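Subject: Structure for you to look over

Hello,

Below is the structure I said I would pass on. My notes on it follow.

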Amino acid sequence: MTQEIDRSPSERADVCVVGAGPAGALVAHRLANAGRDVVVLEAGKRFDFGDRERRMERAIRPAHDHLSVWDMGGERDEYTSAGERFYPLNSARVKGVGGTTLHWQGMVMRFHESDFEEWPIEYGDLQPYYAEAEEELGVAGADDNPYAPPREEPFPMPAFKSSYSDSLFAEACERLGVTMHSVPNARNSEGYDDRSACVGYGTCKPVCPSGAKYSADHHIEKAEDEGARVIDRAPVQRLEHDDAGERVTAAVYATPDGETHRQEAREFVLAAGGVEIPRLLLLSESEEYPDGLANSSGAVGRYFMDHLFGGAGGTIDRETRQNHVGFITSECHQFYDDPTRAAEGTAGEIPEWSGDGPEPGPLKLEFLNYAGPSPVEMALSGEEFGDDLLDDLREGYGNSIAMGGLVGQRPRKENRITLDPSTTDDHGNPVPEIHWRVDDRTAASLRRANEIQHAVLDELGVDISWTVGPEDTGPAFHHMGTTRMGDDPESSVVNSRLRAHDLRNLAVASSSVFVTSGALNPTLTIAALALKAADHVEERL
């Protein structure tokens, strides 16, 4: 007999956290560990760890839609895209305990000092939180990146060894004066935090069956061990505030039985990501906040940013061991702070940027270990069988190679999340509508990334067969900037302590508070900010 889950509100709560992804999980654990009564409301369900191998099979078998891997899609997850470019929101998000860390790549680098130039905080303010975040997530890395910001402590685990294809790139990069270095990864290179070392399934994105790659459900379990209460399948419909409009009083949430409940608390923390947080605030409009809760500045939903992918690849006349490693082990930050710079080696060079129009912004280069199809993909999608299939695999597999990279967008008011009342979710609420375009500066950054990538691949002797640049780029699904941080309440949503300017007991722990995007994967910075937000909530309590 299945035990019925109690999803009624707690009678007493110091803190109500909305969202059980990495930010919400870390906030809940930190505050529960401090002895606070914590309730976490999560829109999605709790996934059974034992199902991960089955979910991996969904990911690699062509009969399954990729959204089915983590049960996304349908009326619950409806959205619309009204911008210059279509934004495929559902392609890379997960609603459930663990959030998008259930299917993420697992790369966790610290933002550069230059990334904070427009923020109300500096790198030094986050440096101790970065160190804590690396300990909490479990990061394998090496201090071999000459362009990285300063650090005072070693990584919790040693870095993964460079892949075989990295060694091929190293030859060309040395000749061109391009510096390669390791990638910090939130996956275990050795046993850590009661989780095994990586065993090499190679399906890191969208699912790690072994649990060696960090996912936020680990901290949810830790929070529960400390006394926190986690209610899954409890999407928050709106936030209510007091008569003065100074404090949030309750989170109104729905449950699968069709009931609606009010969870009251002394403090509220929004940790549902850069799309659902502004959506919730806009849905929580009231007489005092006719344009949405915490939106006296008009900035809620605005300045939506993402990272864009640029890459190139092809084949080479030697073995590359493609898809033997499911994650990136080497990258290059040499052109991050100055993408226009030249590089010169013993046998070639990367010229200075000489393109027309705006100069490119920050970019990072990646050396891909999973370029080209895997033998499983080829076998499942091919039309041959038996010896003919084997011949196809021998001829068409094993010599693909590629580079990738990320570039960042500048914050632009017109890139934003709004509500679309013409389309509603399974509770009758307007869905998020995404207004998004790629501006000229971002396009220049992609062209510069392609320029460097082509130089390296040419030096390596690659027959380049594809390039992803400004015309056909796609997002990295890093949702940033929709409740931006700032000192001025007239132009930002939260202050440097991650508390909303308009409400004394509402905090936001998310990449939605990012002021600029940089070009580095955001999860470690999300984690650091979440720990910082938790400390400030504890101070108020």
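A patch, as used here, is made of residues with over 30% relative accessible area and no salt bridge, where like charges are joined within 9 Å and nonpolar side chains (Val, Leu, Ile, Met, Phe, Trp, Tyr) within 5 Å. Accessible areas come from the Shrake-Rupley method with a 1.4 Å probe, and for residues only the protein chains shown count as cover. This is a predicted model, so local features need pLDDT of at least 70 and side-chain atom pairs count only at pLDDT 80 or more, while totals for chains, interfaces and linings use all residues. Residues are numbered from 1 along each chain as its sequence is written, and side-chain values use heavy atoms, with hydrogens and water left out.

Surface patch

Ile-60, Val-376 and Leu-380 form a nonpolar patch on the surface, and together they have about 220 Å² of accessible area. Leu-380 belongs to helix 7 (residues 375-381); helices (H or I, at least four residues) and strands (E, at least two) are DSSP runs, numbered from the N terminus. Leu-380 is partly exposed, at a relative accessible area of 39%. The classes are buried (under 20% relative accessible area), exposed (over 50%) and partly exposed in between, with a 1.4 Å probe and protein chains only.

Strand 18

Strand 18 (residues 400-408) is largely enclosed by the rest of the structure, because nine of its nine residues are buried. Both of its faces are covered: one side carries Ser-400, Ala-402, Gly-404, Leu-406 and Gly-408, the other Ile-401, Met-403, Gly-405 and Val-407, and all are buried.

Two strands pair if DSSP finds at least two bridges between them. The antiparallel partners of strand 18 include these:

- Strand 12 (residues 307-309) pairs with strand 18 over three bridges, with Phe-309 opposite Leu-406.
- Strand 13 (residues 311-315) pairs with strand 18 over four bridges, and Thr-315 has Ser-400 as its bridge partner.
- Strand 17 (residues 363-368) pairs with strand 18 over six bridges, with Leu-368 opposite Ala-402.

Asn-369

Asn-369 sits in the loop between strand 17 and helix 7. Its relative accessibility is 3%, so Asn-369 counts as buried. The side chains of Asn-369 and Ser-165 are joined by a polar contact of 3.1 Å (a pair of N or O atoms within 3.5 Å; within protein, one must be able to donate a hydrogen and the other to accept it, and residues adjacent in sequence count only if both atoms are side-chain atoms). Leaving aside residues up to four places away in sequence, the residues that Asn-369 touches include Ser-163, Asp-166, Gln-322, His-324 and Phe-327, contact meaning heavy atoms within 4.5 Å.

Salt bridges

A salt bridge is a side-chain nitrogen of Lys or Arg within 4 Å of a carboxyl oxygen of Asp or Glu. By this rule the count is 39.

One of them joins Arg-36 and Glu-538 (2.9 Å, N to O). This pair links distant parts of the chain, 502 residues apart: Arg-36 is in the loop between helix 1 (22-33) and strand 2 (38-41), and Glu-538 is in helix 10 (residues 523-540). Glu-538 is partly exposed, at 26%.

Another joins Asp-77 and Lys-95 (3.1 Å, N to O). Asp-77 is buried at 0% relative accessible area, and Lys-95 is buried at 11%. Both residues belong to a network of salt bridges that links Arg-76, Asp-77, Arg-93, Lys-95, Glu-276, Arg-279 and Asp-425.

Regards
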